[in-house]
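Hi,

Here is the structure I said I would pass on to you. Have a look at it first, and my notes follow below.

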Amino acid sequence: MRPLRAQINLGALTHNLDVLRQHAPNSKSVAVLKANAYGHGLTQVAAALYAADAFAVLSLDEAVQLRESGITRPIILLEGFFSSCELPVISQHNLTPVLHCKEQVELLELMHFSHPLPVIVKLNTGMNRLGFRSNQLTPILQRLERCDVGEIMLMTHFASADEQHGITKQVEQFNLMTKDISYPCSLANSAATLRCPEAHRDMVRLGIALYGASPFADESARNLGLQPAMTLTSEIISIQELSAGEQVGYGGTYVANQSMLVGVVACGYADGYPRHAGSGTPVCVNGLQTRILGRVSMDMLCVDLTNIPNACVGMPVELWGEQVSVDDVARSAGTISYELLSSLTKRVPVVYDSVDD
Ligand SMILES: *Cc1c(COP(=O)(O)O)cnc(C)c1O
């Protein structure tokens, strides 16, 4: 069997939830499980994070899958609904849609539900992607109060919570917009949960940090006390002895300047490993740090075995996880860990390991 797999440490997820809750002890916590729980597996992650106060997903399908897996806590639909035919299903499963535009409110006004629907109203405080602006908010809330809605919560999303002073203006705008409104509020993502206590409010929304990656460019996950939940491992499937002047892989972008050993690893961009990770990207072989050489191809990539004693076919390779930070691999590929974790493809088997070490 091809040796590539993504190993999920469920104990790391519960550890990370505990760490994050200690940062915001007076707020409820939402585990954000969109994109197949950032690639970790929707229902398995939800089961491991049963202690979260609520869950959030993107699509109705994901929400129904969670309900059918036995989750009874609130489930938030981060973009609400896209058409009216979703509303009866939302009501039947007691889901909590986010309302971000007046068209959604118009659809709600046409519906009657057997029990009041909890909703979250999204405020645009400066990201200018989704949400109501200041002048729209009061009329929208008045209209909602005449609909079959139950609990109302207000939320906003930060554009730059991972940067210095990234939220100040948006928090000021949120406070201004809500100064005469007493509904509970949710503002913080992982970054703001870790660094901005003023944004914790009633409920924090935890994504990337739950999975053990850092939302910050200037601080590692390890330093934040987080444990990586996913370890992507494979093996060396071939070894090449290169002489000085010989090249490796497509385009011959790496040329050996002395004789050296190169290992071929069963992992490529069709598995979700970033093709933009160039020579020098960190990788671990048999527990020792080394680097990627040359271009990543569809099914394989090459690594430097120069400093790996007794290198042989079958030796274990870690692409990211416990030894190689996914944030470092992402940086090397010009992207962020969110993209790497959520881009693993179907052909990578995901295996679950609940040992907490
Ligand atoms: C994805 C998402 C989050 C989680 O963000 P992280 O940076 O991964 O913590 C929070 N809120 C909303 C609205 C989201 O879409």
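**Notes on the model**

Arg201 sits in the loop that links helix 9 (190-195) to strand 9 (203-206). Please keep in mind that this is a predicted model. The phi of Arg201 is near 50°, a positive value in a residue that is not glycine. Arg201 has a relative accessible area of 32%, so it counts as partly exposed, given that this class lies between 20% and 50%.

Asn128 also turned up in the backbone check: its phi is positive, at about 60°, although the residue is not a glycine. You will find Asn128 in the loop between strand 6 (117-122) and helix 7 (134-145).

Next, helix 8 (residues 168-177). Its buried residues include Gln170, Val171, Phe174 and Met177. These cover an arc of only 130° around the axis, so they lie on the same side of helix 8. What do the buried residues of helix 8 pack against? Their partners are helix 7, strand 7 (149-155) and strand 8 (185-186). On the face turned away from that buried side, helix 8 carries the exposed residues Lys169, Glu172 and Leu176.

Finally, Phe55 belongs to strand 3 (residues 54-57). With a relative accessible area of 1%, Phe55 is buried. Leaving aside residues up to four places away in sequence, Phe55 touches a list of residues that includes Val30, Leu33, Tyr50, Leu66, Arg73 and Ile76. The C-alpha atoms of Phe55 and Leu42 are separated by 10 Å, and the two residues are 13 apart along the chain.

Best wishes

Definitions and conventions:
Residues numbered from 1 in each chain as written. Predicted model: local features only at pLDDT ≥ 70, side-chain atom pairs only at ≥ 80, totals over all residues. Heavy atoms only, no water. Helix = DSSP H or I, 4+ residues; strand = E, 2+ residues; numbered from the N terminus. Buried < 20%, exposed > 50% of the residue type's maximum accessible area, 1.4 Å probe, protein only. Contact = heavy atoms within 4.5 Å. Arc of directions from axis to C-beta.
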